[in-house]
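Please look at the sequence and the structure before reading on.

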Amino acid sequence: MTDKEKEKALLVGVDTGEEDDFPRSMKELGELAKACNMTVAGVVTQKMAAVNKAYYIGAGKVREVTEYAQALEADVILFDNSLTPSQLRNLQKETGKPVLDRTALILDIFSVRAKTREAKLQVETARLQYLMSRLVGMHDALTRQGGTSGSMSSRGAGEKKLELDRRKIERRLAELRRELEEVAKERETQGKKRQESRIPKVSLVGYTNEIGRAHV
């Protein structure tokens, strides 16, 4: 894939002083972006005592990020920490760009690099659980806006859709749990067969310092 075909990413981070090495954390975010076949088009950072509850970054910084992303023609904005459902929703609305946090980025990398059936099932489970936590937060926000009675008449179309999405995810998670149980049973059976055989067993372990890559 050429650089022109890769997505352009704008990296955003907040230094609250809690991070031991903030520059290193931002550098790692850039490496994660590259691992997802993205090109780092620019970086925006801000020093704050605490993150903004509505936008993670300051309201003024949101305008700066929006204008910079447009100038760079960035395809996506990546944040160096986990965002709450409301922060994610607010940022996407204000910037008009897809927004991902570090957790979502890492899950995407795992999804691409998962090779075995068990690994793919585990990654899908993690991604759906991540999405579910954000749907729950969005559902709570809509419930507060639409009333506390909980009746169908007080629910808007957005909340009804979230409820349907939540049920779909719950069904898929149940399917994944059953499949993982089957894989575990198969692995246990195979392990017993190996123990019963007299064929010598060898384990090979290797390590590389490239982010997101390990060979075992």
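Does Asn37 count as buried, exposed or partly exposed? At 41% relative accessibility, Asn37 counts as partly exposed, where buried means under 20% relative accessible area, exposed over 50% and partly exposed in between, with a 1.4 Å probe and protein chains only. The model is a predicted one, in which local features need pLDDT of at least 70 and side-chain atom pairs count only at pLDDT 80 or more, while totals for chains, interfaces and linings use all residues. Residues are numbered from 1 along each chain as its sequence is written, and side-chain values use heavy atoms, with hydrogens and water left out.

**Loop residues**

Asn37 is placed in the loop between helix 1 (22–35) and strand 2; helices (H or I, at least four residues) and strands (E, at least two) are DSSP runs numbered from the N terminus.

Another loop residue, Ala49, sits between strand 2 and helix 2 and counts as exposed at 77% relative accessibility. The C-alpha atom of Ala49 is separated by 5.0 Å from that of Thr16, although the two residues are 33 apart along the chain.

Rings of Phe, Tyr and Trp (its six-membered ring) are taken as a pair if their centres lie within 6.5 Å, and planes under 30 degrees apart count as stacked, over 60 as edge-to-face and the rest as tilted. By this rule the count comes to one aromatic pair. The ring centres of Tyr56 and Phe79 are 5.9 Å apart and the ring planes stand at 80 degrees, so the pair is edge-to-face. Because Tyr56 belongs to the loop between strand 2 (38–47) and helix 2 (59–72) and Phe79 to strand 3 (residues 76–79), the pair ties together parts that are 23 residues apart in sequence. Both Tyr56 and Phe79 are buried.

Phe79 is also one of the residues touched by Arg102, along with Ser25, Glu28, Leu29, Leu32, Asp80 and Asn81, not counting residues up to four places away in sequence; contact here means heavy atoms within 4.5 Å. Arg102 is placed in helix 4 and is buried, with a relative accessible area of 18%.

**Thr125 in helix 5**

Thr125 has its place in helix 5 and, at 12% relative accessibility, counts as buried. A polar atom of the Thr125 side chain lies 2.8 Å from the backbone oxygen of Leu121. Leaving aside residues up to four places away in sequence, Thr125 touches Leu173, Leu176 and Leu180.

**The largest pocket**

A pocket is an open set of points on a 1 Å grid over the protein atoms alone, where a 1.4 Å probe fits, with protein on both sides within 12 Å along at least five of seven lines; lining residues have an atom within 4 Å of a point. The largest pocket has a volume of about 270 Å³, a volume being the space filled by probe spheres set on the points, which are joined across faces, edges and corners. Of the 16 residues that line the largest pocket, Leu88, Ala104, Tyr130, Leu131 and Arg134 are the closest to its centre. Helix 5 supplies the largest share of this lining, six residues.

Note on methods
Polar contact = N/O pair within 3.5 Å; in protein donor to acceptor, adjacent residues only side chain to side chain.
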